[in-house]
Amino acid sequence: MSIRSGLSLAAAAAVLALAGCGSTSTSPTKPQAVGELEATRGNDAKGTVRFMQTADNVVLATGQITGLKPNAEHGFHIHDKGDCSSGDGMSAGGHFNPTGSAHGKYGADAHHGGDLPSLRADANGVARFNAEIRGISIKTGAANDIVGRGLIVHADPDDFKTQPTGNAGARLACAVIK
Ligand code: CU
Ligand code: ZN
């Protein structure tokens, strides 16, 4: 009994330690980063997106964003500059585009390295995001390294056509990927 409960406590402690690890890497083979999204001026969207490189140039992105327009799609991109200082998200620049591509839909067309699948907010304005993104990396120092770049949540859906923005409207939240 005492041995058994001792083991399960140790297991629980290990899980808690992993869950609370923040931006530090827990494994030398899986580099990680995080974007803490903060609302731009006059908006309420915020959340956390964690990035983990699972293979060469493959990054798993998971997170939750709240304060969105309910039952709506919101354009979501990594932007060129890790700079949220302007207060409206514009200081993050254009879409992260390490390959000189056109803007488009991830997985379907030519697209920027920073073009992510759109967020879908539920009836409470909450979007959960879980996507494996090919073509970017973490802490590699390569042109497609997302650390030090921006992360932007938009007010409107991405049309995946308008160049080079997708016409996704105002920037509701901004993060620097660290
Ligand atoms: Cu964007
Ligand atoms: Zn784009």
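User: What pattern does the protein chain follow, read along the sequence?
Analyst: This is a predicted model. Its protein chain holds one helix and nine strands. Read along the sequence, the pattern is α-β-β-β-β-β-β-β-β-β.

User: What share of the contacts with a separation of 6 or more comes from residues 24 or more positions apart?
Analyst: The protein chain has 178 residues, and 39% of them are buried. Among its contacts with a separation of 6 or more, the share from residues 24 or more positions apart is 58%.

User: How much of the accessible surface belongs to carbon and sulfur atoms?
Analyst: The accessible surface of the protein chain is about 9,000 Å². The part belonging to carbon and sulfur atoms is 54%.

User: Which residues coordinate the copper ion (ligand 1)?
Analyst: Along the chain, the donors of the copper ion (ligand 1) are spaced H-x1-H-x74-H. The donor atoms sit at 1.9 to 2.0 Å. They are ND1 of His77, NE2 of His79 and NE2 of His154.

User: How many residues apart are histidine 77 and histidine 154, and which strands hold them?
Analyst: Both histidines are donors to the copper ion (ligand 1). Histidine 77 lies in strand E5 (residues 76-79), histidine 154 in strand E8 (residues 150-154). The pair links distant parts of the chain, 77 residues apart.

User: Is histidine 154 buried or exposed?
Analyst: The cut-off for buried is under 20% relative accessible area. Histidine 77 has 0%, so it is buried. Histidine 154 has 3% relative accessibility, so it also counts as buried.

User: What is the geometry at the zinc ion (ligand 2)?
Analyst: Its protein donors are ND1 of His95, His103 and His112, plus OD of Asp115, lying 1.9 to 2.1 Å from the ion. Four donors count as tetrahedral if all angles lie between 85 and 135 degrees. Here the angles are 103 to 118 degrees, and the site is tetrahedral.

User: Where in the chain are histidine 95 and aspartate 115?
Analyst: The zinc donors follow the spacing H-x7-H-x8-H-x2-D. Histidine 95 and aspartate 115 are 20 residues apart. Both are buried. Each lies in the loop between E5 and E6.

User: Which residues does leucine 116 contact, leaving aside its neighbours within four places in sequence?
Analyst: Leucine 116 lies in the loop between E5 and E6. Its relative accessible area is 2%, so leucine 116 is buried. Leaving aside neighbours within four places, its contacts are Phe76, His77, Ile78, Phe129, Ile133 and Leu151.

User: What separates the C-alpha atoms of leucine 116 and tyrosine 106?
Analyst: Along the chain, leucine 116 and tyrosine 106 are 10 residues apart. Their C-alpha atoms are separated by 6.0 Å.

User: Which element gives the most to the largest nonpolar core?
Analyst: The core has 28 residues. Leu37, Phe51, Phe76 and Leu151 have the most contacts inside it. Elements giving two or more residues include strand E1 (32-39), strand E2 (46-55) and strand E3 (58-66). The most, four residues, come from E7.

User: How far apart are the closest N and O atoms of arginine 120 and glutamate 73?
Analyst: The whole structure has five salt bridges, and arginine 120 forms one with glutamate 73. Arginine 120 is in strand E6 (residues 119-120) and glutamate 73 in strand E4 (residues 73-74), 47 residues apart. The closest N and O atoms are 2.8 Å apart.

User: Which residues do salt bridges with shared partners join into one network?
Analyst: Arginine 134 and glutamate 132 form a salt bridge, with closest N and O atoms 3.7 Å apart. Lysine 81 and aspartate 80 meet in another at 4.0 Å, N to O. Salt bridges that share partners make one network of Asp80, Lys81 and Arg149.

Definitions and conventions:
Residues are numbered from 1 along each chain as its sequence is written. Chains are lettered from A and ligands numbered from 1 in the order in which they are written. This is a predicted model: local features need pLDDT of at least 70, side-chain atom pairs count only at pLDDT 80 or more; totals for chains, interfaces and linings use all residues. Side-chain values use heavy atoms; hydrogens and water are left out. Buried means under 20% relative accessible area, exposed over 50%, partly exposed in between (1.4 Å probe, protein chains only). Contact means heavy atoms within 4.5 Å. Accessible areas come from the Shrake-Rupley method with a 1.4 Å probe; for residues, only the protein chains shown count as cover. Donors are N, O and S atoms within 2.8 Å of the metal (3.2 Å for Na, K and Ca); water is not among the atoms, so sites may look incomplete. A salt bridge is a side-chain nitrogen of Lys or Arg within 4 Å of a carboxyl oxygen of Asp or Glu. A nonpolar core is a set of buried Ala, Val, Leu, Ile, Met, Phe, Trp, Tyr and Cys residues joined through side-chain atoms within 4.5 Å. Four donors count as tetrahedral if all angles lie between 85 and 135 degrees; four count as square planar and six as octahedral if opposite donors are over 155 degrees apart and all others between 65 and 115; anything else is irregular.
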